[in-house]
Amino acid sequence: PQTIYLSDYTPFGWTVESVHLTFRLAPTATRVISKIRFTPTPNAPKQAFFLHGEALTPIRCTIDGQQITPTFTDTGLTCDVPDTAFDWEAEVEISPATNTALEGLYMSNGMYCTQCEAEGFRKITFYPDRPDVMATFTVRIEGAEPVLLSNGNPIAQGDGWAEWHDPWPKPAYLFALVAGDLINHPDRFTTQSGRDVELNIWVRPGDQDKCAFGMEALKKSMKWDEDVYGREYDLDIFNIVAVDDFNMGAMENKGLNVFNSSCVLASPDTSTDLNFERIEAIIAHEYFHNWTGNRITCRDWFQLCLKEGLTVYRDSQFTADMRSEPVKRISDVIQLRARQFREDNGPLAHPVRPESFVEINNFYTATVYEKGAELIGMLKTLVGDDAYYKALDLYFTRHDGDAATIEDWLKVFEDATGRDLTQFKRWYSQAGTPRLSVSEAFTDGTYTVTFRQDTPPTPGQDVKDPRVIPIAVGLLNPNGDEVLPTTILEMTEVEQSFTFEGLATRPVPSILRGFSAPVILHRDSTNEERAFLLAHDTDPFNKWEAGRALARDGLIRMIRNGDAPDTSYLDSLTAVVRDDTLDPAFRALALGLPSQDDLAQTLFDMGNTPDPQAIWQALETLKQATAQHMQDLLPRIYAQYQVDGEYAPDAAQSGARALANAALGLLTRLDGGAQAQKQYDAADNMTQQLAAFACLLSAGNGDAATADFYDQWKHDRLVIDKWFTMQIVQADPDQAAAITRTLTAHPDFSMKNPNRFRATLGALAMNPAGFHHASGAGYAVLADWLIQLDPLNPQTTARMCSSFETWKRYDPDRQALIATQLDRILAQPGLSRDTREMVDRIRK
Ligand code: B3K
Ligand code: ZN
């Protein structure tokens with residue numbers, strides 16, 4: 001397979017003036033007729049006329065009405081074309097019903113739908129399928145389905161057909177078509193300039209009661225983007241469709257967002273508080289793409305972070321505004337460390353703007369998305385809020401209608417602020433997570449803090465240049481008063497000192513407040529100081545972080561030295577949990593512990609070989625000790641934070657339930673699940689039911705609930721996904737692989753539904769001690785199923801290979817077991833390009 005390089009970028013030689021598509025829908029023989037007007041682009045590099053096309057059966061091709069005979073290859077066609085403007089016409093046949101890759105036009109539960117990003121449009125018809133080719137589309141759909149949808153505004157419809165026109169030029173990856181027997185949940189929104197917009201969420205019959213929350217989220221997003229970024233919606237209609245079989249979360253197609261049903265359907269009975277929050281965030285994210293992604297798109301796929309990093313950043317701001325800023329920040333950092341730091345420290349590490357790829361779908365990663373968003377946050381910290389919004393205004397006016405680059409993006413900041421961002425750009429080109437080490441001195445009222453940055457080598461990048469790092473710092477007095485409010489230190493050198501004068505006593509520093517940069521902070525600190533910050537820091541992130549560091553250090557000592565759980569940590573934690581002036585959601589987060597994966601990486605960084613079983617055991621021991629330490633407090637917390645009255649998935653109620661359920665998790669260790677059983681029996685919403693179910697499973701007392709849960713929910717595919725996941729995640733590590741295998745034999749298991757596949761095989765990796773079981777059974781069951789899925793759905797297979805990405809941390813026996821599985825995957829005849837690229841990179 002061919003490697004594509006950023007440095008090879010060449011513009012397409014023609015401009016597409018307009019695209020007219022006609023679809024004659026039939027499950028295995030859909031006809032697609034395309035009429036495209038091409039105009040040569042003056043001064044474009046000379047090139048052969050090439051149109052992408054994959055898995056298409058050509059019926060006819062004409063240029064200016066004359067039949068032609070192009071040269072067809074596996075990837076497209078070439079042909080001779082006139083030197084002047086011409087009309088291209090082609091008719092092709094495709095088979096949506098047998099398209100199991102879920103890319104291009106496919107069928108899900110009898111409904112037609114599309115997924116074109118990144119390169120799926122070429123599976124629909126011949127086209128210059130690249131994001132810098134932008135055109136206006138008119139689409140006619142002919143089919144017996146009652147609902148026929150495409151991008152833009154509806155222009156005409158009749159019995160068995162509908163026509164749509166999208167006035168906004170767009171790249172083909174934003175094309176969408178949906179046809180099916182669908183029910184809509186309608187609403188309206190009036191934009192700030194008074195434009196009336198029709199809104200619809202389209203679902204399968206039976207799901208119409210699960211749309212109200214998504215609709216509210218959509219309206220809030222539309223309003224928020226006007227209020228905060230001055231961005232208004234630009235069509236007469238905005239449609240969202242829920243689809244059961246979908247490779248990822250959702251897709252921002254212009255005016256016709258297509259969603260994985262798990263990311264839009266919501267009801268208190270079937271969705272947890274976390275589901276609600278995620279749905280709100282994804283609806284916002286896809287909607288925000290209308291400006292950051294659609295109106296301004298990417299020149300090429302190397303620029304993916306231009307739209308994704310920015311849009312993730314925007315949706316985080318939205319969630320922070322709708323809910324709680326500190327809680328959102330802490331949750332985002334937990335995710336960043338779990339997914340992005342893990343990626344950055346392993347064989348799949350790549351820059352936020354990669355420089356080469358084989359299969360672009362493999363680069364929709366935590367690095368491009370979440371680290372990409374962190375870079376936007378750092379820029380905002382460096383230039384300040386006012387300059388940030390000034391730069392964004394300039395970005396929207398200067399680049400509206402463009403397919404832009406990271407250079408364009410940085411230039412608007414340079415022009416709006418006068419700042420030179422040459423060094424900042426390294427964040428986009430250098431992979432790896434910087435380690436920031438700290439040393440301190442205090443003499444005669446002057447406090448000096450010295451930072452040093454080091455980034456370990458990553459694949460293909462041995463040497464790293466120093467980056468600009470915004471370090472938010474505050475100083476506290478030993479009595480807990482803040483003597484220096486949050487101040488941004490701008491680090492530009494490998495090593496750099498900052499001084500603070502006129503201090504009466506040696507201060508306690510609070511460093512990297514709000515997690516102001518995506519780095520790993522190394523600072524020798526005492527338990528006392530961490531406990532002090534946990535009690536006194538005014539920065540909520542660092543307050544949480546102090547507790548997290550205490551927990552982590554204690555766990556590491558338990559694992560390495562066989563120490564007992566640290567009572568000073570337990571005392572400090574108890575004080576936080578007891579403090580009713582603190583947000584319950586914050587206290588629930590404080591009760592969380594570093595993940596098994598975090599601890600494995602920490603041990604590895606310290607030069608130890610992590611033992612997954614020992615890590616799991618230490619966490620179990622600490623949780624048991626926590627439960628005992630708090631045994632008088634837990635019943636009080638559990639009772640006090642029960643929510644009465646009507647269920648609402650808002651921040652206040654969710655926070656209370658999160659704290660009560662964290663308490664329940666600990667109580668279960670004391671009562672064997674008695675309280676959890678009561679909660680399970682009384683639950684009238686999924687948050688309460690699922691939390692209790694998890695407790696019962698973890699206590700080894702879950703058989704009755706497992707049967708009951710299935711019986712209650714067997715008609716609801718999204719809830720049954722949870723049933724699959726929970727049994728594996730909560731399994732004893734010795735049994736996790738066997739339970740996974742048993743569940744893959746369950747009649748409700750299906751390889752064809754990515755949600756169900758991820759709910760099962762993806763869940764195994766969420767039980768690290770089970771997945772990394774010394775028997776190798778976890779590795780084998782995952783590899784068996786990846787091998788089976790690959791011929792059907794390469795994209796989902798490739799993505800799930802990342803469960804193996806941390807393998808070099810482990811002992812030789814485990815490495816050998818994993819290598820055997822990786823090699824077995826690589827040896828499959830006809831292995832997809834997607835999966836081969838991932839396994840090759842991991843195996844290296
Ligand atoms: N842009 C899509 C992701 C497409 C993934 C293609 N493999 C969803 C999003 O980020 O909003
Ligand atoms: Zn996105």
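Okay, some ground rules. This is a predicted model, so local features need pLDDT of at least 70, side-chain atom pairs count only at pLDDT 80 or more, and totals for chains, interfaces and linings use all residues. Residues are numbered from 1 along each chain as its sequence is written, while chains are lettered from A and ligands numbered from 1 in the order in which they are written.

Let's start with the domains, whose bounds come from an automatic or database domain assignment. We get domain 1 (1-96 + 113-178), domain 2 (297-429), domain 3 (435-521), domain 4 (523-612) and domain 5 (613-643 + 655-843). The C-alpha centres of domain 1 and domain 3 are 53 Å apart.

Now, what sits around ligand 1? A residue makes the list if its C-beta atom, placed from the backbone, lies within 6 Å. Among the residues on it are Glu117, Ala118, His285, Glu286, His289 and Glu308. Strand E20 (250-251) and helix H2 (273-288) each give two or more residues to this shell; helices (H or I, at least four residues) and strands (E, at least two) are DSSP runs, numbered from the N terminus. By class, the shell has 5 nonpolar, 3 polar and 4 charged residues. Nonpolar covers Ala, Val, Leu, Ile, Met, Phe, Trp, Tyr, Cys and Pro, charged covers Asp, Glu, Lys and Arg, and the others, Gly among them, are polar.

Ala118 belongs to the loop between strand E11 (111-115) and strand E12 (135-142). Asn109 is another curious one, with a positive phi of about 50° although it isn't a glycine. You'll find Asn109 in the loop between strand E10 (104-108) and E11.

Last, helix pairs. Axes are lines fitted to C-alpha atoms, for helices over the stretch in contact, and angles run from 0 to 180 degrees between N-to-C directions. H26 (residues 812-826) and H27 (residues 833-843) pack at about 150°, axes 10 Å apart. That makes them roughly antiparallel, the word for angles over 145, whereas under 35 is roughly parallel, 65 to 115 roughly perpendicular and the rest oblique.

And H18 (residues 686-698) with H20 (residues 717-729)? Their angle is about 30°, with axes 9 Å apart, and they are therefore roughly parallel.
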